[in-house]
Amino acid sequence: MSEPAPIAPFPQAEAQKPPARSRAALLKRLADVVCLPASRVNAFERAMTADLLVEMLRDAVTEEREKVARRLANLVEMPGTLIRLILRDEISVARALLENSPSLGDADLIDCARNATTEHRRMIAQRRGVGEMVAEALVEAGEAPVVEVLLRNELVKFSHHTIETVVAMSRDNPRLLPLLLRRAELRPSHAYVMFWWADADARKLILQRFAVSREILQDAVGDLFAVASEEGWQDPMSRKALQFIERRQRNRAAIAKSPFDSLDDAIAAAQNGMTRDVAEEISYLSGLKPMTGAKIFTDPGGEPLAILCKATGLPRTAIKALWRGLRRPEVDSTGAMVPALERVMAVFDMIAVDRAQTVLRYWNWSLSSALTPALLKAIREGDEAAVDEYSVPQRAAMLALSRDFGR
């Protein structure tokens with residue numbers, strides 16, 4: 001998003017001659033009156049003085065405006081007209097309030113964020129206790145340096161919507177991703193989406209932090225599988241949820257329709273060259289939709305292959321078979337295993353089966369079953385405004401697959 005034009009409320013101030021001493025003294029006296037306690041000046045007198053001070057400041061030079069801003073910065077209560085004028089001024093003037101003023105409310109900060117410069121927004125992002133609405137106003141400008149400062153501020157509060165916006169920004173701004181992974185507001189739904197454009201270190205961190213076990217869910221709903229089976233799995237919502245929770249990953253029903261006797265046989269066939277048909281069969285036998293399988297097989301890093309193999313109970317050798325079938329180099333010129341394959345093997349070794357299944361099923365849930373015609377249309381057209389109409393997995397699909405659909 002392009003940066004708004006800098007606010008210039010004082011277009012002729014700098015061209016003036018050095019001010020008379022009387023004007024400098026008058027500005028100081030007026031600022032002093034505004035700063036008087038309530039026991040010395042009532043609200044109407046303070047407002048009248050503030051109005052006069054605002055008019056004088058419009059014609060004042062930068063140095064004079066800076067002095068007044070510093071004088072007013074520590075006020076607990078400040079007239080709104082003065083706040084807006086100073087916050088929209090150039091950063092050397094607004095700095096005093098943005099750094100020190102305790103009287104700035106969310107409305108003042110949001111107005112500044114939407115009407116001032118990048119440097120103003122960066123300073124707001126550094127303030128203590130930035131609230132959800134202010135954070136949203138700062139993020140909506142789409143400036144990665146400002147968002148980076150915001151993410152580093154541990155006292156900022158992010159709404160779910162704002163975090164999703166930053167997750168989307170991280171796709172084109174890699175520096176944001178490790179900062180996002182440290183935020184308590186980040187949910188597994190966000191992390192699993194970011195996995196697709198994360199680097200190797202970030203992917204490892206995502207798997208370590210968010211690849212959770214489903215054991216507690218399995219214990220809680222274990223008896224409901226029999227109930228759903230007696231009903232013939234007629235309720236689609238229950239079927240989808242229970243499919244996510246169940247322990248078995250491989251699709252036994254798919255074997256009857258497959259040209260392969262097992263998933264292992266399909267993997268063995270794949271190492272001679274991965275074709276679209278073989279990739280689809282591996283997906284079906286693994287309990288995945290073909291689109292999820294395609295995303296896994298075309299991922300440049302290769303870590304999703306380790307997740308697939310571990311979740312479906314395949315051995316480590318299956319990774320090498322898939323690697324070979326995808327025509328990826330296995331060894332370097334010295335005969336040693338290439339670092340990329342070595343890294344994928346390490347992922348296979350570090351993650352437990354149940355946790356790998358959690359990741360794999362979330363990908364399948366969000367990248368395929370959520371792709372309704374309306375979502376596909378939004379992906380193609382970049383319909384950010386419609387994102388609230390979609391569920392969490394649908395929004396995940398929009399982020400992860402938007403490039404695959406030429407957005």
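Start by selecting Phe-195, Trp-196 and Trp-363: ring pairs link them into a cluster. Rings of Phe, Tyr and Trp (its six-membered ring) pair if their centres lie within 6.5 Å. Planes under 30 degrees apart count as stacked, over 60 as edge-to-face, and the rest as tilted.

This is a predicted model, where local features need pLDDT of at least 70, side-chain atom pairs count only at pLDDT 80 or more, and totals for chains, interfaces and linings use all residues. Residues are numbered from 1 along each chain as its sequence is written, and side-chain values use heavy atoms, with hydrogens and water left out.

**Ring pairs**

By the ring rule, the count comes to four aromatic pairs. Go to Tyr-192 and Tyr-362. Their ring centres are 5.0 Å apart and their planes stand at 45 degrees, so this pair is tilted. It links distant parts of the chain: Tyr-192 belongs to helix α12 (residues 188-194) and Tyr-362 to helix α24 (residues 353-369), 170 residues apart. Helices (H or I, at least four residues) and strands (E, at least two) are DSSP runs, numbered from the N terminus.

Colour by accessibility next. Buried means under 20% relative accessible area, exposed over 50%, and partly exposed in between (1.4 Å probe, protein chains only). Tyr-192 is buried at 4%. Tyr-362 is buried too, at 6% relative accessibility.

Now return to Phe-195 and Trp-196. The ring centres are 6.1 Å apart and the planes at 85 degrees, so the pair is edge-to-face. Phe-195 is buried, with a relative accessible area of 1%. Trp-196 also counts as buried, at 10%.

**Charges over rings**

A charge sits over a ring if NZ of Lys or CZ of Arg is within 6 Å of the ring centre and within 35 degrees of the ring normal. Select Trp-197 and Arg-171. Arg-171 lies over the face of Trp-197, 5.8 Å from the ring centre. Then select Trp-323 with Arg-328. The charged end of Arg-328 sits over the Trp-323 ring, 5.1 Å from its centre.

**A loop residue**

Step to Arg-327. Most residues other than glycine have a negative phi. Arg-327 is found in the loop between α22 (316-325) and α23 (339-350). Arg-327 is exposed, with a relative accessible area of 59%.

**An enclosed helix**

Select helix α21, residues 303-311. Nine of its nine residues are buried, so α21 is largely enclosed by the rest of the structure. Among them are Glu-303 and Lys-310, along with Leu-305, Ile-307 and Leu-308. Just after α21, look at Gly-313: it takes a positive phi of about 75 degrees.

**Cysteines**

Cys-309 is one of the buried residues of α21, at 0% relative accessibility. Cys-112 is buried as well, also at 0%. How many disulfides does the structure hold? The structure holds zero, where a disulfide is a pair of cysteine sulfur atoms within 2.5 Å.

**Zoom out**

Show the whole chain. It has 26 helices and zero strands. Of its 407 residues, 49% count as buried. Contact means heavy atoms within 4.5 Å. Among contacts between residues at least 6 apart in sequence, 65% join residues at least 24 apart. Finish with the surface. The chain exposes about 20500 Å², and carbon and sulfur atoms supply 54% of it. Accessible areas come from the Shrake-Rupley method with a 1.4 Å probe; for residues, only the protein chains shown count as cover.
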